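Have the viewer open as you read.

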Amino acid sequence: MNCRMTNAPCGYLTVTSQGLIKDVNQTLLTMLGYEQDDLLHQHMESLLTSASKMVFHSLFFLQLQLKGQIEEIYVTLKGKNREEIPVLMLGNKVTDDTDAMIDCMVVKMAKRNEYEKELRQVKKELERAYKKENELRSLFETTLFSINEGIIVTDKEGKITLMNRMAEIFTGWPQASVIGQAFADIFLTYHRQTREKKPVIIDDMVCVGCQGSIDDVILVSRDGTERFIMGTVANMVAKDGGITGVVISFRDITKEYLQAKEIDGFLNVNLDMLCVTDLAANFHKVNKKFEEILGYKTEELVGESYLSFIHEEDIPGTLDAMKALTNQNALSGFTNRYRCKDGSYKYIEWHSQPGVGGFIYSSARDVTEKKQKEEQLLKIAVRDQLTGLYNRHYFNMILGEEMEKADRYQQPLTLAILDLDHFKYVNDTWGHPIGDELLKLTAATAKKQLRGADLLIRFGGEEFVVLMPQTSTQGAIKALEKIRLAIENTDHPVTGKRTVSIGVAERATTEAFRDWYQRADEALYRAKQKGRNRVVAYELGKSK
């Protein structure tokens, strides 16, 4: 940093895209009471109050990501002695050869808390010594005319007795012309959403201990200028306990309100679901698209853990995705199922980017229809249309994984080939439609006898294959006998009872499928030779 920037009349610091302070000038160090070594490589959050952290992430950082710069935003910094210092911050995003940086300019503002403290002190003095009213009034007016808020004082009848310079600017009325006028005639306010008149009522303040707030209102000045304002209303109590009047304090929050509205507008016109979350899986901000897709109101989501909405089967994968984001890795194309308000689930595809301060910025889309079409196409691709069983294509898809798993864990893997006996006779005698009915009946009968891990495949024609993981030859023969007997005892209304021949082979370690299948097929051939309707196993070196 050059010498002129080091001692510039305003604070200056450079922050990395991860929020770490890379450089800071002497002006800012002096303002906050730190040494340079205290701040370098520290996170920007260490300088922010709790309220300012959310403003920094949801307004300052998000605006930088969208526009590359932000002209001004109000935040509060913490000095080394824990003093809170209101500042105006400006930012510009720049990119060098290695990383994106954020240059920030910091200008110290008048301290609101000091103004309020002075105002309270003045009120106490007024209440404490009514006899010194003229002297205290001078002190009161001096303070009110220096504070950066609008102040209006009325008597207990609601007639204006004092108005400071900021109140004159905000209302458009000079003090001289409103003294003695009713407060309600000068202070015209409307509800900022409904645009209906919403007068600030001060009559109710004429009681000991009463105070109120001004919020959700627009103040319309004498020339028609509108300002979004917020403030407080409190009474003044004399030493004898009597009410002497009411103090109305208010400030212009138009810039802050429009900043927030601009961000909300961007979020809500976007066609994607947009949200800000933290690494603890809590929603901090969501747009209206969430309401449209999932059916929840915004307030039903903000503050809630998004894990509570995810299908239980998708939680492990979601936790893995969160781990990647914790490690500052972007996430793209991750899909999980979200529970809607009506209890149904939708597939949501996520694209997420880690931000500073532990916040995650995400966009998402409802891909339920796309997912359902993919599943339907996959089902068509891997299912036999006649029997509903998996087909040979699916068998080829999973075979390599099953063989590799068996070799890795040294587990048995057995293959069985089932072939309907005299099936050609059925087709020749009763026709192919009856043959198709018999195939469907055989598939359903065999499927009922299978164990959970077994996989029944229609391999082609009257031939079926059973893949039996973690099953030896002896275990397979026992299970296949149940299938054979079930088929033998099942009576078709046209063909009567039919039988099936079964050939079995347990795979040798690292044995190629071609050799393994050939052994099972040879065992099937021997079953046919021995009279059909039986299970024959082939082992290396011998057959049963």
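## Two loops with positive phi

Let's begin with Ala281, which is found in the loop between strand S12 (273–278) and strand S13 (283–286). Helices and strands here are DSSP runs numbered from the N terminus (H or I with at least four residues for helices, E with at least two for strands). Ala281 isn't a glycine, yet its phi is positive, about 75 degrees. Most residues other than glycine have a negative phi. Ala281 counts as buried because its relative accessibility is 0%; the cut-offs are under 20% relative accessible area for buried, over 50% for exposed and partly exposed in between, with a 1.4 Å probe and protein chains only.

Arg82 is also a non-glycine residue with a positive phi, near 75 degrees. Its loop runs between strand S3 (69–78) and strand S4 (84–95). Arg82 counts as exposed, because its relative accessibility is 55%.

## What the numbers rest on

This is a predicted model, so local features need pLDDT of at least 70 and side-chain atom pairs count only at pLDDT 80 or more, while totals for chains, interfaces and linings use all residues. Residues are numbered from 1 along each chain as its sequence is written, and side-chain values use heavy atoms, with hydrogens and water left out.

## The second largest pocket

How much space lies in the second largest pocket? About 490 Å³, where a volume is the space filled by probe spheres set on grid points joined across faces, edges and corners. On a 1 Å grid over the protein atoms alone, a pocket is an open set of points where a 1.4 Å probe fits, with protein on both sides within 12 Å along at least five of seven lines; lining residues have an atom within 4 Å of a point.

The lining has 22 residues, and Phe61, Gln65, Gln353, Pro354 and Tyr361 lie nearest the centre. Elements giving two or more residues include helix H4 (50–67), strand S15 (345–354) and strand S16 (359–366). H4 gives the most, with five residues. Domain 1 (11–108) and domain 4 (270–371) both contribute to the lining, so the pocket lies between them; the bounds come from an automatic or database domain assignment.

## Helix H19 and the whole chain

Glu522 sits in helix H19 (residues 513–529) and is partly exposed, at 30% relative accessible area. Its C-alpha is 9.2 Å from that of Ala505, 17 residues apart in sequence.

Zooming out, the protein chain has 19 helices and 25 strands. Of its 544 residues, 46% count as buried.
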